[in-house]
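Subject: Structure for your review

Dear colleague,

Please find the structure below, followed by a short account of what was found in it.

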Amino acid sequence: MLSEMFYKLVSSGTLQYGIWETIFMTLFSTLAAYIIGLPVGILLCVTDKNGLHPVRWLNRVLGMIVNFFRSVPFIILMIAMLGVAKAIVGTAIGDKAVIVTLVIGAAPYVARMVESSVKEVEPGVIEAAQAMGTPNFKIVTKVLVPEAKPALIVGAVISMVTILGYSAMAGTIGGGGLGQIAINYGYQRYNNDIIWVCVILTVIIVQIIQEVGMLIVRKTDRRVG
Amino acid sequence: MFFTADYEAGSKRASGLFLFCFEGETQVMIELRNLGKTYSNSGKPVIALEDINLTVNDGEIFGIIGLSGAGKSTLVRCINLLEKPTSGQVLVDGKDLTKLSGKELLEMRRSIGMIFQSFNLLEQRTVLKNVCFPLEIAGVKKEPAQARALELLELVGLSDKKDAYPAQLSGGQKQRVAIARALATKPKYLLCDEATSALDPTTTRSILELLREINDTLGVTIVVITHEMRVIDSICDRVAVIDQSHIAEEGLVSEVFANPRSDIGKQLILRQDDAESAFRSFSGKKLRLVFDGVTSTKPLISEMVLACQAPVSVMFADMRDIDGIAYGYTIVELPDDQRQADKLVAWLNASPIKYYEEA
């Protein structure tokens, strides 16, 4: 059933390394995307005209930047951002360069995800906190984020799966991981089985991320008795 | 020498008088002066409140009643400036809140607790942590904060639920937690925005009893916003009726209930529907006899009928017991015979009963 190439990839450890690279790229990029996207998302929500502290111009500017990056298809954005990657990490190829483009592509996505999760917090709860004399910064840290936690975790799971998909696309520009294996050893050398092995492995990784994420939500969400 | 002593006595009296005035002023704890709030709805101004003048006295339970959309929720939010009034002043303990800086306002809000129709508890925190929240914000350390929170949970009767989450509680229990939370920072005032509107009648009664107890034992001044008469009836000392952004009338609950003067007050208090359907079947001249507690102990209508030897028909009556005294009114129809009717009116004029002609 399986081609010689499959056994070669396994015995040389290329496939195993590809799995690891995919997981590493996904986790690292998600983390970095949240470092940028979480504050931006909160800021989008807070500066909204119905937010805690409306700042119209800031909301407009942030919204425009986010929409700009969100509207470019990732595969094009990725190529366009290689120059930026080179300026930041000194190279335009390999996993380092890919992580930079992944973060640039994913951070705006994460920002919108965070914004919508935080907006779900009951306005009444925020009002109650205001009535107790809570300063806005503490409303963010003690009300908005903790109350939105379950939605934020669900959002993180969806973001992570999206980033995993992006990372596979990055295989086309030499990004490494299962995407590159599928393209280099599968598509270009006519080994259909390699493509399918990569597909199945990706599905398994997505499934694991999904299950673990939902388990965390179930364990930590206090809204259900 | 003599002159000086007299002068001193005079100045002492003057300062005593001044002190008295001063006390008189601080007794008024929440005062709204010419308060107005106008929203802008896509360029068009919408008046939510206009020319509101109200005073809430130290230690009382003050009710504000109105139909939905009358502006009562906006009004209560103007007291702690959750809504910024567009004109007028909000004086709390003599300080004009509209003039405070952001930080001063946050401080001030800690002395004004608030509870809501939808409870607004933090869903991801336990009951105990919810009650600790305002203390955390006020910078109280964890240990004393928890001790205070437990004390309050004891007061509202929920000590055994301290580790539960809001989702595990009933509506009444949630409101008790919200009350405990609102009282954590020992506020002088408690604002209740439709606090019982989401609760069933039995639970409403128990929450109202709790508010009454808090008012009695802790001396917290309470402002109650509601659209329900029974809420005002059971706990308030004074009431203001709000209609179409204005205060229609204001006074002691006993007075307003016995004799509402505004149309909206009549509508809310007298349950116009019942009264009108009763009127329609009669054609004679109708009088509203008002019982204000002084005159209600005697069987006055019987006395009147016996004294005048003229019949009246009782068409509608609404009497209630407020603080052990009967208040209310009775609507009677006079006989068609003009001589008999005049006799009855003359008797009423000589009696202490207040009466008004009904339209």
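Along its sequence, chain A reads α-α-α-α-α-α-α-α-α-α, with 10 helices and 0 strands. Helices (H or I, at least four residues) and strands (E, at least two) are DSSP runs, numbered from the N terminus.

This is a predicted model, in which local features need pLDDT of at least 70 and side-chain atom pairs count only at pLDDT 80 or more, while totals for chains, interfaces and linings use all residues. Residues are numbered from 1 along each chain as its sequence is written, and chains are lettered from A and ligands numbered from 1 in the order in which they are written.

The C-alpha atoms of chain A occupy a box of roughly 70 × 45 × 25 Å along the principal axes. Of the 225 residues in chain A, 41% are buried (20 or more other C-beta atoms within 10 Å of the residue's own, with C-beta atoms placed from the backbone).

In chain B, B:Ile61 lies in strand S3 (residues 61-65). Why does B:Ile61 count as buried? Because 26 other C-beta atoms lie within 10 Å. Beyond four places in sequence, the contacts of B:Ile61 (C-beta atoms within 7 Å, placed from the backbone) include B:Asn215, B:Ile222 and B:Val224.

Yours sincerely

Definitions and conventions: A residue is buried if 20 or more other C-beta atoms lie within 10 Å of its own, exposed if 12 or fewer, and partly exposed in between; C-beta atoms are placed from the backbone. Two residues are in contact if their C-beta atoms, placed from the backbone, lie within 7 Å.
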